[in-house]
Structures are given as structure tokens and as C-alpha cells.
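Dear colleague,

Please find below the structure that I am handing over to you.

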Amino acid sequence: MSVRALWIISYERGESVAVRFSRRYPTVEQRAKCMAGSLYVSVPEDGTVLQLLLTELGLSDSDKPYMALRDDCLHQQRSPALELHVEGPSGGVLWPLLVISQGPLILACLAVVDAPADPRPPLASLFSVSQGLTLLAGLQAFLCGSGSKPDREGLTSRLAMMPSILLQICPLGTPLDIPQPGASSASAMPTPAGTQKQPAWKTGVHRGRAVVNVALTEMVRSMQYGNRNRQDLWDVYGTVTCKCEVEGVLPNVTVTLTLPPNGSPLMDVLVHPCVSSLDASVLTAMSVEDCDSSAFSGPYKFPFSPPFEPFRLCSYTSQVPVPPILGTYQLKDDDNQLCITVSLKLHESVRNSFEYCEAHLPFFNRDQMGSVDVKVSSGQLEVSKEKNLLVWVLGQKFPKSREVSLEGSVSFSGELPGPTDPLCTDLTAYIKLYFRVPDLTLSGCCVDQHSVQVYSSAKPRIVTSRELLSSEYFIWNSTGTAPVSSGHMML
Amino acid sequence: MSANWPERISAFLSSPSQFLYSTTSDIFLAEVLHELRDDRASDHIKVLLLSPLLEHPTLLCPSVFVGEETALELMSVFAQCSPKSLPLRCHLLLALTSVLLCSCCVSSHTSASQDFLDLLLQMAQDTNDAQAGAALHPLRTTACDCLRELEACLPGLLSQRLELLSSLRQQENSRLHQAYTGLHALALRNAVYLLTQQKGAGAGDLKTALGSNEGFVWGEGADSAHPNSESHSDLALFSPLTLGTMGKVPSLQTGLDCKELRSLLSSLLEESYLLTSLSQAALLRRLVEVLAMVPAVSPTIFRAQLLRLLGTCKVCLLHTTLLMKAAFTDSLFSAEDEAFLLKRLVGLSQHPLLSTPEKLFYMDCILHFPENRPISSGDESLPVLLTPRLATALVPTVFNDSVSMLARLNLLSLVYLEEGEEDREGQGGRGLAYLYDHLSSLLRIVENQASREMVVTFFRASFLFLLHFCHVERYSEDLSQRLCDLYLRRTRLAPHLINLADRTQDRLEESGWAVALLRALQRTITEAPLSQLTLQDLRWHLRILARVAEEGEVLQRATLNFLLCVITSSSSALCVSGDWRLGNSVLGVCRRLLLHPSLDSLLTPLADLLQHLTCHYGETDIQDHARLYYTLLTTLSQEKLAGVLAQRGTERGRQAKVRSLSAIMGENEELTSGLTVHQTERPLLRLVKLDKHEPDECRPEHKPDSEPACETESSPGQGGIEDYRAQFQSSSFASEITLQYHLTHTGVHDPHFDKLFSIRLHFDLTDGHYEEVSDISVPCLFRTRKPPTVRLRLKPKQPYHTTLRASAIFTTEDGLSWHSPLADLHVAFPEVFLPLLTPLGWAREKKQRVFEGIWGEICSGQSEGDLTNTATSLFCDQLEDSAVGELVRKYFQRYLVSDLDKGRCKVLFFLPPQSHVLLKVITEEDAVQVHIATDNWKLLPYINSYLEDITKEIHSTQQVNGDV
């Protein structure tokens, strides 16, 4: 249940590839050697590992269109664990190398196979795999910071902290924890006086007025085709984030999520490990099977003892009866000119008060836009600098009719070719919507201030909030062929 | 020097082998330890200095002895460190753990490892900061981690300390209780496992073990277990019980009476909530193992935790739950739970909030789902409960990333394969239709200028699809037609198509799909209008046609017509251009056609084509080859042709095949394969060291003309040494050592290699201490004959021991060339010794004068505090007179400057290129003193260990003699 070695690699296409940090665990290696017997393959030096890894990931020799070693169709990389084929007299296959990559960072660790190596045990039976994945994900979150892409200086300084971080979370190859933001100072916290043991994941103790902050964010996804043969799809997933400043070593807090009377149940509920107990009914509804109308629909109680830092208490998915914005998109090709008709309708159940709402109409595999002769019934239309995207800024409100439309034509007579996309050829095109509605959830799910219970002496201040955000909200041109996006369309 | 440390350390860590090329591991280790002791070095640098020991202890401390010495040094550094230097002290503990475990000190039960264990345990016992205060938390945590690692590598080490570990865990209230819990759980699991291996152990023994508080149990650890000797049960010590298929879990028969264990387990479980997810998962894993071994305790004690674990968002905790299910099946998980868990896995495999690796992992878990009542135990089998309807959540779409898409395609293929079996038509149902539609969408994307990644993914998806549904002709035939259309539009995909054909042919031999694809490709190429053919397309076409020509079942007339059209058509400028590569590609096709079973029917057009090339192609080499082929075609029978062109095995042409040198006639690609140096799987040859020295080799054979012996006699005093020194003016003088070996076969017996010819031995240096070694040629080596002697001449730059990488290239009887690695050649320090080198005819006295002269110089250099390289030292040991005699006879005879007289003698080792080590051996009573003087102080540690080794040897032989 340990890792043999760990690598952090920065990879920037066309620029530099380098092992920025690596760590080997020789005592684990020794156990691995013993377990693997004659099939043992030692871990090569960093340079070799890097080369082999890039080949496996299909990133090596990007100038060559085909390389047998890299592109053989026999290599089926289906699992999160790669094989490295080490050459030479002490060569063989190194497995399972767990890899997580995000932006320019590639994190990899070699998990120990703590079972007889022959025949190769299934990945799912190796305990070290989930441990390794958790460790890598934790390191990734730490290295990338809050943004999705780490800035150069920030990354360098965080990489410099790796030795001390690993001393705490993985000193000898067995992962014990993941890096906590700001945890390094907390390690010298005094031992609590009472008999209550302090949770190992609690990196600090709050003093002062109790404040509990519960924020509910819902994301809505949609694929609308405007086609009778293709069922439109939409769904919602939500997360509840908490920040609890409550005194005590192991204070008890309960947050309750409620749904409106006819609301469809929350599905696929996932909870943070600090949730101390769960009712079986909370977990029963699942998106992969049909919903039972008599199913449990709340209230959903989550008793927990909060960690020091903000955390995601739970997440869920939900199937709502209607999409918040229903749209149609029609394109007609007319001699290097596209006639565009778009209409968007805000559903009456949705509060007409956006923080922002934009519709993006990108065009691929064509030249840059020349003349744009488009009228909108509401909001403003902008043409991007690159002249391949129309941005329709709808602003804070739909008009009273809750319907907006766009009509006109665009010619593609620009001098330069626009961006290419293998999917959006001919009349295959989409509109992508970006919006945020504060104080709204589509599922109707909410956290009532009064339902938050804190079992402590002082009366806490409780702040709750909710919002709806768009995510992958597509409206496809109904005159073109649109790609299938989900198996549910088959049913 | 110290300013360099960060760079040097990072150079070492990134490539130890390259770093040690310029120094030796002993010197580097000595430097590191020296710097660690230096008070001026900052803590930050010291932590850095520890990383080589932390990460590569086996390189720096290759033996128990070095490991022990290093550990003692580190312990003294630890003792002297300021209490405030917490990170340094923590890293010291980690480095000590690494060094002691990896150099086998712990399994050898050395005193340093005992001291270290005591130190760790003492630190760990300060629960709740009673003594040292909260500031020392990190140190205490690290001490626990080190103990846990020691227990992990030497299972059972702490098995007699369970009482102590239990009470420490219970006492600790700060966050550190996690470290104690981890340690306790591991020790408990190992102790219970060891009990299951004891015959007749029962409840009483378990109770005693839980309450035990004795010493450490020094068993055998990971470092001593031999890979070949271990039985399955030994491995179970390190591995968690391989749950499921791997056989029975060992069990401890306790009866129902194990209250202590039960209450211990419940208290551990109760506190599991207080641990971080990773540690919690590890704890649960240990407890699952304990419970699996003690059937008297019911697994239902996990039930209270189960819902919390099933609802978790952490992959490590859910994984533990799955492993728990595999261990306890229906005694903990009802059929309902099972159905829930599977649905949950499907849901998680496509959850929008999880990362791709997590989703992939969950998909893998579905394929290896631990069912309560498994029907089959294959590699990847679907759980019965995974219905096609449930699986629709995971259908692949073009919006998936490549890896997820392939994983989904694989999973769904398995689902629909089962569904298809129920479908009588054998044509697959709607699900299969969807998968094929999906493949078509990918194909369209590839047509539209997709990225390289997308192209590769498409071909992988196609292969995967064919692997499962090749038998469904509706789709497989359509796919090959579409691939042909795709190829015409994007001829660059030729290598991908050839690869796909090759792989499907390998994996689906009986299906014939690959041949059908190749036939269709041939038709596509040959029937396409010639007017649109570009040069670039033609290159790819020729590659495809060459592959098609390898198939005996495919008629080749069309190919030939196509080639004839392309080459001979009047509009074609090909012949005029004389492009060698293109011509070669055409010849490549011709060459395969020459081997084609239907050659008879192709004779005329092929002859026409070759003749045309011979006469009209604008490149002489191509003309020559074409002429040769033409001659072969028209004069040789088909059998002979095949024999000449290739020793074709039963396997298909593209696979590695053994060729004779006549393959030179082949075109470029074949030529290379014919001339390839093959690689042997294992070392076939070895060099066996000969102990005899060659007296002639190490003495200059000439008499120096300038200084005849009589003249030197006349010059008194220092004369001897000056003459001696004068010899070195010739740079080649005594610069080499010669080692002799027998070249023999290794134990690998393969009659193919019984007679080897033209053997060329090549040596690579692994460090910078020697000049490059030139290759050595050996005419032949027969297994039945006496092994030839090989003289290896080494020219040291620095007279240190070294290791040479050796390899050999040779030819076997059938004319093939082979490359084979040899075992590394170790040149020990004493092998570098040469005796005093004097011109012939020098008298013994004169040699002694040289000895005294050098000795004097070294000693005076020492006393003046001169900072030269000279050094003196003294080595003492208890040896009796007779033993000293044996020592001298056995080891020093060749280097004696004066004979052994009353237990005294003088010895001189010359070490090329310029170093001397002088020894004065003096025996007093039962002790021997060896006074050492050298003009190269860096040699002292080696001399010292050499003397230690040989005296130890003498001691042991004396012992044996005494016993006899």
C-alpha cells in the first residue's frame, strides 16, 4: 500500500520537458523486489523514466506522424495505470505507474504491487492504487493552487516545499495525508487538554465567535438539438461548500438540505469523510437507474465535525424537468455566407436576474468572418478579435417576454483561415451559453439558515448562499448533424 | 566546495550513474558525511545532503559494514544536532531508516540498528508531550513512521510489543494518535499472521500476544528473503492477504473466546473517523486482514462504518470498501448492498465532479467487481448485475477524452457481446449498432484533419471493436470498406492501417478480416484513377502494396498491373526522376512478389516490370537490383528463389526472422534486417579471472641503455631512487596493469552457440578512473575446447577499484551476428598492485635503497606539514608469527622488497600510474604492526580495508586449521 517512487514533470508543448521533482522510496523498493521475485524491474533513472512516460502518453516525438512504439493500436491505455517498457539487461515492464496530468504538469507515481506478480493481479485488487491516486490528486491540488493552471513562480516555490511536504504526508512511501493549504504551521498545535482525541485531519482550532458559512452551487449542463429524432438532454449537479469557524476539538454541526414538495430527489450523493453518519435513504437515488417517484426526497441531514479549512461537504446530481434556457439554432449555407437564426427562451420558473449571461457562437473550419450583418432583439453583439466568434451579451435580464432572438448573416471572406475543429465541419455548429444566476437552484435544493445546527455553547452566525452556473451548455444547429453525447439518447 | 552542494546533490539524484562516473560512491559518501558533521553548514544544506542516503542507500552503502558505519555517523550527527533543528532531525531519522533497512543492517541485527530502534521507541513513548513539549510533534511522528516502516520491512519486529503500542495509541490525544494507530494496526496484523503460521496456536496465544510487552523479534525481513526460495506464505507477510482468487487466507482457530481482540478492534474502528482518509483506508485494510484471519470475530463489526464508507467521495475509502466486500462477501454485504455498490460504481465512473483517473479506476473496479457469488473467474469479466440498461450510462461519446473513450468502448463491448449472444441472429442489437455508429463518428473526425492523438485513438478503437465483434460481418465488412475510403483521402494513414492489419491478423487469426482489408486496400489503390495519383500518395501506396504482397491468399495481378501502369506509362516521369527511395519501394513490392506462391502466373508481367526498371530507371543502384531480380526470376526455380531471397520461416514476413547473408540481395529494408546484430536474451559468455600473474608483463623487458647496472652501482645514496624515477620519463612506463581471464560459456546451454567465431569483447567504463579500454578479439570459442585466455590491459588514471561493463559481438556457425552482454567485471583494489619496477639486474640492496628513499621522502614530507599527497598510517592486528608468515607468503610475496626476517619485512605496492604504497611489517609477540606510507593519501581507506580483509582471511584459515 505504498509507492515506490514519485515524479513531478512539467511539460509544455514545443517548449521544455523536465522532471522537476522526483522522490524514490528505497525501503518500499526493497519490499517490491521481494514480492516480484524474478519479475522485479528496478526503477530507472529520471531521464529514462521521463522518456518512457512520454512515449506511453503519446507525447514523444510529436513531429513524427507514426511511431510503432508510441502508436501501436495494440496498446490499449484504458486504465489510469500505465506500463513502462524498460529496455536493457535489467529491463522489463514497470507497472502500475499512476499518472495524473493537468495543464503543463504531469504527476506520476509507481505503486507497489503487494501481491504475487505472476499472474499480474488486477489493478482493482491493489490497495496501493487508490492510495497513489489520492496522493497524486492531493499533490496536484497543492501544486496548481487555486487556479487550474499554476503560475511559474508559484509552482517553483511550491516545488521547493516538496521535501518538507513529503516529510509530513509521505515520509517513507506510505501516503498518510494530502497536503493541506496552510497546514505546515499547524503541526505544532498544543495537545488538547480533555480526553477527546483531536482528529488528525483538523489542522487548527478556531477561537472566537462561531460562524458557519454554507454555499450551494449548482451547475447545469445541456445538449439541445432542436431535432425530433434527438432527445434534448440536461442535468444538474450541485456541491455544498462549508466553512465552519466553531470552537472545540470535535464540535458537531448538522447541515440539512431540503427540496420543494414536488422536487425530484438528489442523486449520486457523495459526502466528505468528515460526515460522521449517513442515513441509508440519502444514498438510494442514483442517476444510472430510473427514478422512483415515491423515492426519498429529503430532508437530507449531514451531521459532521468540520475541518479547519473550507471543504466540500457533499455533492449531488439531479434531473430537473426543464432546462432553464431553451434555445434553437439554425444555420443555412448560402454561398460562403451563413444565415443565422437563433432564439432563446428563459423558462418561467427561472428568476430573471442574471449576474451575466452570454451566448457564444464559434465558427470553425472557415475563413475569418468578413461582414457581419446580424440583428439581436436584446443585448449586444460583439465580434471577437480573432474574427471567428460571435459573442452575444445578454446582460442581466431577459426582456419581459422572456424570449430573445438573433437573426442575420455572416460572410467568411476574411484573409486568414479561422480555427479548425474535427467535430464542427460543414453545418455542425453550436452555441455555448455562459450564465450565472445568484440565489437560485434548479433542483430547488436549499439550505435553510435555521436548519443548520451547531452544538456548541455560543450561538453561531450562519450564512447561507446559493447560485446556479452554466457548464457545457450547448445548443446545436438543427440543420447540421450533431454528435451523440450520451447513452440516454438511445433509450 | 560547500557552495556546490545543491548542484552536486541534484546532479547525483537525477542520474547517480553519471554522477559516480566522476567519483566513487565511497568518496562521495565520505564527503557527504564529512559535510554533515561540519557545524558551519546550514540545516538546509544538511537536509539536502541526506537525500542521497534517503533515496539511494544501496548505492552509497552497498554492504552491511558500510551501512553500519554510516548509520553510526548519522546517529552521532543526530545526537549533536541542536534540538531546534527539527527538519534536520526528522530527515536524519528517515535517512537512518533507509540506510539500516537497505544495507541489511536490521536483518543482520547489528548494534546500530538495535540502538536506533531503542532511540525510536524512546522518542515514541513521550505521549502527549509529557517531556519534550508540542514543538517536537514532527519528530515524534517521524519516529512512529520509521518504526512502522521497520515493522513493514521486517514483519513481526514489534509483535511482542503490542501492549505498549496499544497503550501509546490510547494515551495520545493530539493529532499524533494517527501515527500510533497506523503502527499499532500494522504490528497487530503481522502478529496475528505469525500466529496463524504457528502450529496449534489458539485463543490463549492471541491473548498473550495482545498483552505482550517484551523485546524486538528479529526475524527475516524483506532484505534477506531470497526471491527463489520464498514460499507463498512468506510473501503473505508483506502483502496483504491476496483476497479472492489467490487461495485460502490463513486462519487462526480461536474458538469464540477472543474478547480482547474484539474490543481492541472496535476501539480502533471507533477512532477510524478521526484519521485522514488515506490513513483511515490503510487502517481499515489492516483490520480487514486481521478479521479475515480470525474467523471467530464477525465482520459485522464493520457494519456501523459501512454507510459512511459507501457514501464517501474519497477513492481510497471506497476502494477499501470494495476490498472489504471481496474479503467478506455475503457475510457483510447483502445482495441489495451488492446491487447498490455496483450501481454506485457505474454512477461514479461518469460523475461530473470526479477526475478522469478516478473514473477510469472505478471502471476498472466494475470489470473486477467482487461479486458475492462469482460465476466466472476470468481476467476481465462483467458482473452479472451489470445490465445493458445500466451500462448505457457509460457509452462512449466523441466528447470523452481518448483514454476514457477507449475504456468505455471496452466495457460496453463486453456488455453487448453478452447481449449479442442472446440475440439469435448473431448480428448484435441496438447497443452494438450504437457502438458502430460511434466508431463511424470517430472515422469522420479522422477524415476531417483530426489531431494525431485522435487518429491513434480511432485505430485503437477500431482494433478494440474488431477484437469483440469481428464475427459480425455486417459491421466488420463495412468497416473495412470505410477504412479503404478513408485511406484514399488520407494516404498518410498507411502505417496505421498496416499496423491494424498486422494486429488483427495476430489476434484474430481465423477471422481473415485482415486479409480482407488488405485485399480491399489493394483494390482501392489499383482501381483509383491514375490521373489523380500524386507522388506522395504513391509512396504510401507502395508500402501498402508491399504488405499486401506478403499475403499468399491475395492475388497479385492487380498490383503488378498497377505498377506497370505507373512505371511504364509514357506520361510518368518516375523513371526519369530516378528517385532512389521510390525505386527501392517498387523493388520492395517486386521482391515480395518473387516470393509469392502465385509467382508462376505473375511471371511475364513481373519480368516486364523488372526489365523496364533495368533499362529505364534513372538510378544505377535500382537498375542493378532490378537486373539481379530479373536474372533470379528468369533462371531460378520458385523453390530456389525462395531459398535465396529469404530463409522464410512459417511465420509471416514482417516478424523477426532469421536470415542468411544472402539477404543482402534484398532491398534496403530487408538488407538491414539481414545485417542486424541480434541480441541474446541472456549473457552467453563470461570471463573467469585467472589468479596467476605474468611476471614478464609487469617488468620492463629492456635494460635501460642509458643506465647500465654497473654505473648505477657506483652512484651512492639517493642514486637508486633517482634511477628508479628516471624510468618514469617514458610515459608508457608501467602505466598498465594486465589481468588475465578465461573466456568461457555461461551455464546457458544452447547448441546454437556451441561454436562461436570472431568474438570481439568490448568494455565500457563505469567511472572516470581508467583510460578507455580497447576491444579484444578472440578468434573462436568452442564449448568442447580449452577456453582461450584473454589479457585485459587497463591503464589507470587513478588507482581505484572499478567495474567494467562488458559485452561481446560474435558470429555463430550459421553466419549470424550476435550481441551479448557479459556480467560486469569487477576489478578489485589489490588487482591494481604491481611490484617495484626496476631495470633488470638490479640487486636486492638497490631495491631496498629505493624503498628507503621513498619512505624517507614520505616521512619527511609528513613531518614538514607539507600539503602534498603523502600520508603515513599504522595498522595493527593480533597475529601469531606463523600467521604473519602465511600472510606474507600468501599476499605479499610478489611485492616483497626484503625477505621476511624475524617477523619483519618490507613490501612495496606500485599502483600505476604514479602511486606507491609502502609497508613495513613488524611482528611483536602476537601482534603485527604494519606501518604504511604512501604518496597518495586517498589510497589509505582502501589499503586499510584491504589489510582488514586479508588479516580476517588469515584469522579464519587459522581458525579452521585450529579446529582441524
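A contact, as the word is used in this message, means heavy atoms within 4.5 Å. The model is a predicted one, and what follows should be read accordingly.

**The two chains**

In chain B, 72% of the contacts between residues at least 6 apart in sequence join residues at least 24 apart. The corresponding figure for chain A is 73%, for residues 24 or more positions apart among contacts with a separation of 6 or more.

Chain A consists of 491 residues, of which 56% are buried. Its secondary structure comprises seven helices and 22 strands. The C-alpha trace of chain A spans about 70 × 65 × 45 Å along its principal axes. The accessible surface of chain A is about 20500 Å², and carbon and sulfur atoms contribute 51% of that area.

Chain B consists of 964 residues, of which 55% are buried. It contains 39 helices and 14 strands. Its accessible surface is about 41100 Å², with 51% belonging to carbon and sulfur atoms.

**Annotated regions of chain B**

UniProt, in an unreviewed entry, lists residues 30-100 of chain B as "domain: AP-5 complex subunit beta-1 N-terminal". In the model this span is 80% helix and 0% strand, and its end C-alpha atoms lie 17 Å apart.

An unreviewed UniProt entry also lists residues 755-825 of chain B as "domain: AP-5 complex subunit beta-1 beta-barrel". Here the chain is 0% helix and 58% strand, with the end C-alpha atoms 23 Å apart.

Helix α11 of chain B covers residues 177-196.

Helix α31 of chain B, residues 599-616, has 18 residues. Where does α31(B) bend? The bend is at Pro605(B) and amounts to about 40°. Pro605(B) is also one of the buried residues of this helix, which include Leu599(B), Leu602(B), Leu606(B), Ala607(B) and His612(B). The cover over the buried residues of α31(B) includes α28 (557-568), α29 (574-577), α30 (580-594), α32 (620-635) and α33 (638-645) of chain B.

**Individual residues**

Leu126(A) sits in the loop between β5 (105-111) and α4 (127-144) of chain A. Leaving aside residues up to four places away in sequence, Leu126(A) touches Trp95(A), Pro96(A), Val113(A), Asp114(A), Ala115(A) and Pro121(A), together with His319(B) from chain B. Of these, Ala115(A) is 11 residues from Leu126(A) along the chain, with 7.7 Å between the two C-alpha atoms.

Gln131(B) is likewise in a loop, between α8 (111-124) and α9 (137-153) of chain B. Gln131(B) counts as exposed, because its relative accessibility is 71% and the threshold is over 50%. From Gln131(B) to Leu564(B) the C-alpha distance is 95 Å, and the two residues are 433 residues apart in sequence.

Ser476(B) belongs to helix α24 (residues 473-489) of chain B. With a relative accessibility of 3%, Ser476(B) is buried. Beyond residues up to four places away in sequence, Ser476(B) touches Leu466(B), Cys470(B) and Trp513(B).

**Cysteines**

How many disulfides are there over all chains? The count is zero, on the criterion that the two cysteine sulfur atoms must lie within 2.5 Å. Two cysteines illustrate the result.

- Cys144(A) is buried, at 4% relative accessibility. Its closest cysteine sulfur, in Cys109(A), is 16 Å away, which is too far for a bond.
- Cys104(B) is partly exposed, at 21% relative accessibility. The closest cysteine sulfur to that of Cys104(B) is in Cys105(B), at 7.7 Å, so this pair is also too far apart for a bond.

With kind regards

Terms used
Residues are numbered from 1 along each chain as its sequence is written. Chains are lettered from A and ligands numbered from 1 in the order in which they are written. This is a predicted model: local features need pLDDT of at least 70, side-chain atom pairs count only at pLDDT 80 or more; totals for chains, interfaces and linings use all residues. Side-chain values use heavy atoms; hydrogens and water are left out. Buried means under 20% relative accessible area, exposed over 50%, partly exposed in between (1.4 Å probe, protein chains only). Helices (H or I, at least four residues) and strands (E, at least two) are DSSP runs, numbered from the N terminus. The expected span of a helix is 1.5 Å times one less than its number of residues. The bend at a residue is the angle between axes fitted to the seven residues ending there and the seven starting there. Accessible areas come from the Shrake-Rupley method with a 1.4 Å probe; for residues, only the protein chains shown count as cover. UniProt positions are given in the numbering used here, feature names are shortened, and annotations may be inferred rather than shown by experiment.
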